[in-house]
Amino acid sequence: MGRRVPKGYRTGTHRSVSPEETLRRVRPFMSRMGITRIATLTGLDRLGVPVVSASRPNARSLSVSQGKGLDLTAAKASALMESVESFHGEHIRLPLRLSSHDALRASQPVVDVAALPRVSGSGFHPGLRMLWIEGRDLRVGAPVWLPFELVHTDFTLPLPDGSGAFPMTSNGLASGNHLLEAISHGLCEVVERDATTLWSLQTETARRHTRLRLDTVDDPACLQVLAQVERADMEVALWETTTDVGLPAFLCTVAERFLDPLRPRAPTTGAGCHPCREVALLRALTEAIQIRTTFISGARDDLGNASCYADYLDPERWRQEVARMRGEQPVRCFQDVPTFAGQSFNEDVAWELERLVAAGLKQVVVVDLTWPEFGIPVVRVVIPGLEPLFEVAGYVPGTRGRQKLEERSHDLRLRGTDAPSPGGTA
């Protein structure tokens, strides 16, 4: 994997350089990417956890990106890098091929399309002509072609030929201060989405058995955020969602302790995944808070549907979800969650690949989207066989999802009916 890339910053996250250095490197290119503003949203809520937005008005996907962190500088770097990711996903310069699957695989190695996520109504078939892009299989270090639809985030119309076969999302789109840092970030995000989906497809009884005991959390950064939630007089619930892959993953829900009829706000949920369990847990905590602040700000364009905010302001949703949070008995111990604290990103990526291979995943594909003139590493990670986020429009369960649904159906036949998860479920 090339030269060793040590971790030079470990406050709440693992990075090769500090957030200050990240901002110094990226800021000169903001205007070229159309990033016009970085805004602090923290004061819109009472929690005090730094949340920041970055605006890119002429974006071809989301024009507003969010970031969070233990301090304002970290949150700014987080938001800015998310905006950088989106720009690169919208403006891909790599060569493309217009071909059918059957024609392309006659001369080039092609990703296992049978294991890729699909959407309802997908028109994919081996003879469908569509755009393909070349990536690299990290397991064997060899080139492999995959559908362009799984890589780009240019959602302007008309879409390219053959679109509509696979989900168009930002899952696995990641940036970093070094290529390996970006790859590790992307790997964790794809694993996190798979973990969240599989957890959501379980029965409520099974989900209850994953509820984390807050009194077992011993990480100072996580304890700091939990204390801020408590001081704000809010409820918090955490679940461990780690799958057979073995990368630590969590889900977090934060909610008002008491319903304010003048300002009804439904609970919000965030997820996190990282080799180090402390970082994974902190990501889930801060993402739940970030999403809450995003709803309050009203600035995110993918939450523009009026029904989204109507659901968020629905007092009945608050009652149902808070009752469920209060009715569960936390049982899982934080120290029992697997963890890996590599000293470099080379170690992290190698360990992540080992875990994926042990879980039966045969391909881990990375497309390097970095613009040389910027020098900001951005990648897209695609792992055939893992589930996308179940909340994506048109979600169709893959092999892992179907297996979880079969287990659920079996449990329900034995125990009777079941209720949906706190974050919603299929």
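How many bridges join strand β4 to β6, and in which sense do the two strands run? In this predicted model, local features were considered at pLDDT of at least 70 and side-chain atom pairs only at pLDDT 80 or more, while totals for chains, interfaces and linings use all residues. Residues are numbered from 1 along each chain as its sequence is written, and side-chain values use heavy atoms, with hydrogens and water left out.

To take up the opening question, β4 (residues 96–99) is joined to β6 by four bridges, and the strands run antiparallel. Helices (H or I, at least four residues) and strands (E, at least two) are DSSP runs numbered from the N terminus, and two strands count as paired if DSSP finds at least two bridges between them. Within β6, L131 is the bridge partner of L98. Strand β6 also pairs with β7 in the antiparallel sense, over six bridges, and here W132 stands opposite P147 of β7. Four residues lie between the strands of the β6–β7 hairpin, where G141 takes a positive phi near 70°. A further antiparallel partner of β6 is β12, joined to β6 by two bridges; in this pairing D137 stands opposite V365.

A nonpolar core is here a set of buried Ala, Val, Leu, Ile, Met, Phe, Trp, Tyr and Cys residues joined through side-chain atoms within 4.5 Å. Buried means under 20% relative accessible area, exposed over 50%, and partly exposed in between, with a 1.4 Å probe and protein chains only. The largest such core has 42 residues, and those with the most contacts inside it are M33, V111, L146 and I376. Leaving out residues up to four places away in sequence, I376 touches V26, F29, M33, M81, V84, H88, G176 and T370, a contact being heavy atoms within 4.5 Å. A second, separate core has 27 residues, among them I183, L187, V349 and L386. In soluble globular proteins, nonpolar side chains tend to be buried together.

L247, in the loop between β9 (234–240) and β10 (249–256), is buried with a relative accessible area of 2%. Beyond its neighbours within four places in sequence, L247 is in contact with C188, V191, T242, C273, W351, E352 and R355. Q202, in the loop between α5 and α6 (204–208), counts as buried at 18% relative accessibility. With neighbours within four places again set aside, Q202 is in contact with R207, K404 and R408.

On a 1 Å grid over the protein atoms alone, a cavity is a set of points where a 1.4 Å probe fits but cannot get out, and lining residues have an atom within 4 Å of a point. Grid points are joined across faces, edges and corners, and a volume is the space filled by probe spheres set on the points. The whole structure holds three cavities of 30 Å³ or more. The largest cavity has a volume of about 200 Å³. It is lined by 18 residues, of which P117, L150, N171, V382 and P388 are the closest to its centre. Helix α5 (179–200) and strand β13 each supply at least two lining residues, and β13 gives the most, with three.

Two backbone features complete the account. Most residues other than glycine have a negative phi, and most peptide bonds are trans. L157 and P158 are joined by a cis peptide bond with omega about 0°, and P158 lies in the loop between β7 and β8 (173–175). D233 is not a glycine, yet has a positive phi of about 60°. D233 lies in the loop between α7 (220–231) and β9 and is partly exposed, with a relative accessible area of 34%.

Conventions:
1 Å grid on protein atoms, 1.4 Å probe; cavity = no way out; pocket = protein on both sides within 12 Å on 5 of 7 lines; lining within 4 Å.
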